[in-house]
Amino acid sequence: MNSVPRRILIIDDEEDIRAVAAMSLESIAGWRVELACSGAQGVVQAESFQPEAILLDVMMPDMDGPATFRELQRNAATAKIPVLLLTAKSQKSERARLATLGVAAVLEKPFDPLTLHRQIADILGWS
Amino acid sequence: MAFWKGAGTESKSGDPLFREIVESAGTMVLAIAPDGTILHMNPAAERLLGYNASELVGRKRTEEILAPEEAQRIIGEVLHLVGSPVRPNLSIDERAAATVQAMDMLPPSQVPSFETHCRRKDGSTFPVTGHISALRDSSGAIRGLVAVALDQTATLRQQQATRESQERYRDLFENSNEMIATLSPSGKFLYANPAWKQSFGLELDALLKLDSFEQVFNSDCREDVAALFQEALHGTTVERAILRNPTEDGQVLELELSLSRRRKADSPLAVRCLLSNVTQQKLREHRLALQLAASQIVSENSSADAAAERILEALCTAHRWDFGVLWEIDEAEGRLVFSSAWGTPSLHTDSMMRQRMGAQVEAGNALAGNAWRKGRAVWIRNLAEVQPKSQPNSRPNSQSDTQPDPLIEGALRCGMASGWAVPVRAGNSIVAVLEFYSRLRLREDSGALDSVETVAAPLGQMLARRRERGRTEELSRRQEILLNAVADGICGLDRSGSVTFANPAAERLLGASVANLEGRPMHDLLHPCEDCGLECPLRMALQSAENRTGETTMLHVDGTSLPIEYGFTPIFDHERFSGSVLSFRDISQRYALDRMKDEFVATAGHELRTPLTSIRGALGLLSSGALGQMDEKAASLLRIALNNSERLIRLVNDILDLERIQHGRGPEAFEPVPLARVVDEAVRGVQTVADSAGIQLIHDTVQAQVAGDADQLLQVMTNLLANAIKFSPSGATVSVMMRPEEDGVTISVIDQGRGIPAEMLENIFGRFTQVDASDARQKGGSGLGLAICRTIVTQHGGRIWAERNPVRGSTFRVYLPFRQESAAGDAEPVAARHNI
């Protein structure tokens, strides 16, 4: 495990999910987590926080996950940050469509808080 | 001859004139001596007896010229005249002497005559009338006998002929079927043959006592008979005048009367009467005439009602019946309904007709109903007798057979006395009933019924044809209603696929009238741009002679495109392809519904999973102890909450999976799937769970590839393996076997668990069905896993089933075909074809 804690930005409009995910990554993995409650806030926060990865909810009001991702891509300061989409949609076709956006992965809700950090690390090749 | 000559010298025999008379006489004359010797025979005797005189004269051959026994009989008769006894066994001489002696005793005036037969030389005999007289000399002493015989052959023949003629005439008269009589100028019977008794039931004595022969007739025709008699009496011969004579026993005799006057010089004035009963003959004539008339009426009248009325009129007129009705059978209602009627114009039968027009007759009721129920003619000679008296206070629910029949009552009011009804058949079934009435009390007349049945045959055929035509029209009308009402477009196509018929829905969907659609190729109507290519499934379907179904997009005339589902059905006439029917329906609404459903499933899934994510996450974190340790009870409760939140997640996932799979477009997503890889992956996926449960997993794979959805097939194998692990005891083995077959592959998942009761082997594939109700709680299953498996396997054209192992546990087998049966262009969901 890296001695420097990983920095993760969680963007989700659901406060409970933000709290559970944050607690999972902070408590289990010891990562540093910042939270954003909307896409717009997440875009701002990503630029300032410069996380190593972003957990981005798909369905959000105003600016949804794909729109937020596109916004992040447009900004050179955030374009290279890997984004993992979190979706509660179960359709394979939907997940396949999201995967084509260029994100690092599409994770399913509900996730296992005990293994979430391992999932992220595996996907991003963090040893 | 000496005697004859001798005698002649002393008597007239010597007279030449006398001799010439004797010799030239036509009668046979023989002179016989007292000893029986023939003294002389004249030429007539020679001719009649066939002898020359030289053969008989001078010989005692008198008895030889008589028929056997005749000589003795004649001698006996002669002896009897003088009272001498006849002594048997006398010799010829003695018999001759006795005869001469007897003749001698007779006074000269008595000449015995006798009828006898003479015998010719050839032995044949002939009748004669003979006379014997004594030949005496001048002293009066008897010198012999003279026999004179007259040949009676011609006379007897004449008498016999006269006798026979008389017998023939007697026989003819006595046995004649025609009534023959001789009537006096006053009309009294002088002679009547037995045929009168046969027709009128009166003996000859009774007839002879009548004042006038017209009294034998019914009062209806006496006047006519009397007038005819007077005509004959005054010299006008009456030739076969027709009389209709009703008898007391209810018959109507048809008679032909001939009368002629007889006046001869030696006979008093009399009238010959010849009366023939021509009833049967007339009936036959009537029947033929009616049959002909009925056939003509049926062929001339396109309307069955008009024809029926004319047939009724023909029948009634021919038989002098007064009223006729045709009742038709209403099969749907099971009763008779009025069809048409005819009544004698002078009888005012309007009320009978009106009454019947509104009537409906149940089987067994009234005359017609009875004939219908019994299937044969019914005849009531006296309508008044069968009609019970009306009971003013009778209850309305009393049985019908105790109630007066209103139709019969109406007939009685119109003066009808008898009635009968005859079923009208077409083939073996009764289609109508003919009913007739008469003012006369007519008894059952089989001849008349025969004639009705003869006429009823063409009528029945006509009614049956009308009924059949009605049925055809009704069927056609219903088909038209159905075709007009149905929302699907239906087009009839000829063998080349061009439109021959289109229902209104087809017109609406295609945006053109039938006139504009007829003759145009069906494919070009649906795909007008023709850029669909030669491989267009619709084009191929329309060119085939097989049942095809599919979905396509058609272009409406307004330029909009429309998804349609179509069904193509070829028509074979005598096994020859004669055309087809294409039905098609707008499925844009179904598409919209599918989209709405997809959206709902997605939204519902999201909305359910979001709170579950928080719950599951929070509980997971708490129970992991990462946030701090808690006491055992709290930890236990947390585990319960966590387990159930996970169960809820599985349930939501399974429900959404099932919905998605069942309504998915399975075949479109199919691609080659190596099954061994699917099995390997599934085993790897459950390995951790198996390890924790102490279950050993064994799998044996072969290379086999099917067309399908790899993820869905992985889900099937994962579900089956997870179930096998879940229900196996620790230390057991779960095996996966693959067995390739000719047209597919079977994968078996074999466990050593508690097994499945035989009655549950099929049920477990239902939704929310588990072997044990507590399994859902204890094993954490949703009860949808096997339902999902069956849906997926069936969508792949395969089968899934469970078996009980011989010793322990169960085996789940999945058969997947290498190639699915669905046609390339068949977009219909596989699940729908297999009735999932």
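Predicted model: local features only at pLDDT ≥ 70, side-chain atom pairs only at ≥ 80, totals over all residues.

User: Where is Arg240(B), a residue with a phi near 45 degrees, placed?

Analyst: Arg240(B) is a residue other than glycine with a positive phi. Arg240(B) is also exposed, with a relative accessible area of 54%. Its place in chain B is strand β8 (residues 238-246).

User: Which residue just after α27(B) takes a positive phi?

Analyst: Helix α27 of chain B spans residues 785-795 and is mostly covered, with 10 of its 11 residues buried. Among the buried residues are Leu786(B), Ile788(B), Cys789(B) and Ile792(B). Just after this helix, a phi of about 75 degrees is taken by Gly797(B).

User: Is the peptide bond from Lys109(A) to Pro110(A) cis or trans?

Analyst: Most peptide bonds are trans. Pro110(A) sits in the loop between β5 (105-108) and α5 (116-124) of chain A. For the bond from Lys109(A) to Pro110(A), omega is near -5 degrees, and the bond is cis.

User: What pattern of secondary structure does chain A follow?

Analyst: Chain A has five helices and five strands. Of its 127 residues, 48% count as buried. Among contacts in chain A with a separation of 6 or more, 63% come from residues 24 or more positions apart. Read along the sequence, the pattern is β-α-β-α-β-α-β-α-β-α.

User: How are α2(A) and α3(A) oriented to each other?

Analyst: Helix α2 (residues 39-49) and helix α3 (residues 65-74) of chain A have axes 9 Å apart and pack at an angle of about 25 degrees. Gly39(A), Val43(A) and Ala46(A) of α2(A) meet Thr68(A), Glu71(A) and Leu72(A) of α3(A). By class, this contact has three nonpolar, two polar and one charged residues. Angles under 35 degrees count as roughly parallel, and α2(A) and α3(A) are therefore roughly parallel.

User: What is the handedness of the crossing of α2(A) and α3(A)?

Analyst: The two helices pack at an angle of about 25 degrees. The crossing of α2(A) and α3(A) is right-handed.

User: In which handedness does α1(A) pass α22(B)?

Analyst: Helix α1 (residues 15-29) of chain A packs against helix α22 (residues 588-624) of chain B at about 30 degrees, with axes 8 Å apart. The two helices are therefore roughly parallel to each other. The crossing in which α1(A) passes α22(B) is left-handed.

User: How do the residues of the contact of α1(A) with α22(B) divide by class?

Analyst: On the α1(A) side, the contact includes Asp16(A), Ile17(A) and Val20(A), and on the α22(B) side Thr610(B), Gly617(B) and Leu621(B). The residues divide into six nonpolar, six polar and one charged.

User: How many disulfides does the structure hold over all chains?

Analyst: A disulfide is a covalent bond between the sulfur atoms of two cysteines. Cys118(B) is buried at a relative accessible area of 4%, and Cys221(B) is buried at 3%. Over all chains, the number of disulfides is zero.

Methods: Residues numbered from 1 in each chain as written. Chains lettered and ligands numbered in written order. Heavy atoms only, no water. Disulfide = S-S within 2.5 Å. Buried < 20%, exposed > 50% of the residue type's maximum accessible area, 1.4 Å probe, protein only. Axes fitted to C-alpha atoms, helices over the stretch in contact; angles between N-to-C directions. Helix = DSSP H or I, 4+ residues; strand = E, 2+ residues; numbered from the N terminus. Parallel < 35°, antiparallel > 145°, perpendicular 65-115°, else oblique. Left-handed = near helix turned anticlockwise from the far one by under 90°. Contact = heavy atoms within 4.5 Å. Nonpolar A, V, L, I, M, F, W, Y, C, P; charged D, E, K, R; others polar.
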